[in-house]
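This briefing concerns the protein shown below.

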Amino acid sequence: MAQRYDRKAEDLGNITMLEHVNLQIPDQAHGTLFYVSGLGLTRDPYMNTGLANMWINVGKSQFHLPSGDPWVLRGAIGLVTPDRAALLQRLDGVKKALAGTKFAVKETNDCVEVTCPWGNLFKMHAPDEERFGAVNLGMPYLEFDVPKGTAKGIEKFYRKVFGAQTSLDGNGTGKTARINVGYHQDLYFREMKGDIPPYDGHHIQVYVQDFSGPYKELLKRELLTEESNAYQYRWEDIVDLDSNETLFKIEHEIRSMTHPLYARPLVNRNPMQSQQSYVMGGDEWDWQIRRSNPRLADVPPPAGRAAQEYQQRRAGRMARAM
């Protein structure tokens, strides 16, 4: 039989991109040490360049870090970064300057777990194309710790209200709702025993294709918290669709794909560059791994009324490698 591509593998749901996570930090200097010098990420050189806020680029995503009382995501932030040894060396270099904070580093077989000065947990993974896609620098997932018995309702909420691709994984004692929020980007809502810390105000931002559909449903359920502008609105209560009872709280900044900042190119520096070891032309880091896109060896033959005519045109294109 002729081979066929797995067309479903390239599907996206209505949510198309996880763009940023917003976490307040009380000390911009410590923030620079941790995110730039330690993790090896890049401060955005064009936006929020003062002392009250900084944007940190990680591939095509960002952290927004305004000054204020610290906000802590209840779970973990998954990042992909190249060169585990270099990461550990950088983290060791900021250890002394961050002494007395919550900064900590723990190596596991799967990743390097890094705790920021204010308690946010980062899981730093090596590039893995099968798991994270063709990315060597990026934000493939966020993990949220949620109360027992809420994962099923959370999965249903994103699927029904936002048209997201979702799944419900695990057994009855530890279910996880997986919500796809972009190409190889996911939110994981993992049921946990015990009390969940109270929500402190941190938020995430995503882009959606259908902007008005979810808006109408959120408005009907009185869940909207902010009418930001023509391209954006906000909400924070994930609810049971039958009872409208809150299952989990995390503010979402929802942007349309017509937003002026959609797909804005981000600068990502190469953290390996230094005065002692410099490569001309090596300052910028390409966050993507080169992806192969081979043709199938045995593609299905053309079908339909114009099959023969199309077959001739295709043969001509193939001969010219078009």
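Thr 42 touches Trp 55, Ile 56, Asn 57, Val 267, Asn 268 and Arg 269, leaving aside residues up to four places away in sequence; a contact means heavy atoms within 4.5 Å. This is a predicted model, in which local features need pLDDT of at least 70 and side-chain atom pairs count only at pLDDT 80 or more, while totals for chains, interfaces and linings use all residues. Residues are numbered from 1 along each chain as its sequence is written, and side-chain values use heavy atoms, with hydrogens and water left out.

**Setting of Thr 42**
- Thr 42 belongs to strand S2, residues 42-43; strands are DSSP runs of E with at least two residues, and helices are runs of H or I with at least four, numbered from the N terminus.
- With a relative accessible area of 6%, Thr 42 is buried (under 20% relative accessible area, 1.4 Å probe, protein chains only).

**Helix pair**
- The axes of H4 (residues 151-162) and H5 (residues 212-220) come within 8 Å and cross at roughly 120 degrees; axes are lines fitted to C-alpha atoms over the stretch in contact, and angles run from 0 to 180 degrees between N-to-C directions.
- Phe 157, Val 161 and Phe 162 of H4 make the contact with Pro 214, Glu 217 and Leu 218 of H5.

**Overall build**
- The protein contains six helices and 16 strands.
- Of its 322 residues, 44% count as buried.
- The C-alpha trace spans about 75 × 60 × 40 Å along its principal axes.
- Among contacts between residues at least 6 apart in sequence, 64% join residues at least 24 apart.

Key: Buried < 20%, exposed > 50% of the residue type's maximum accessible area, 1.4 Å probe, protein only.
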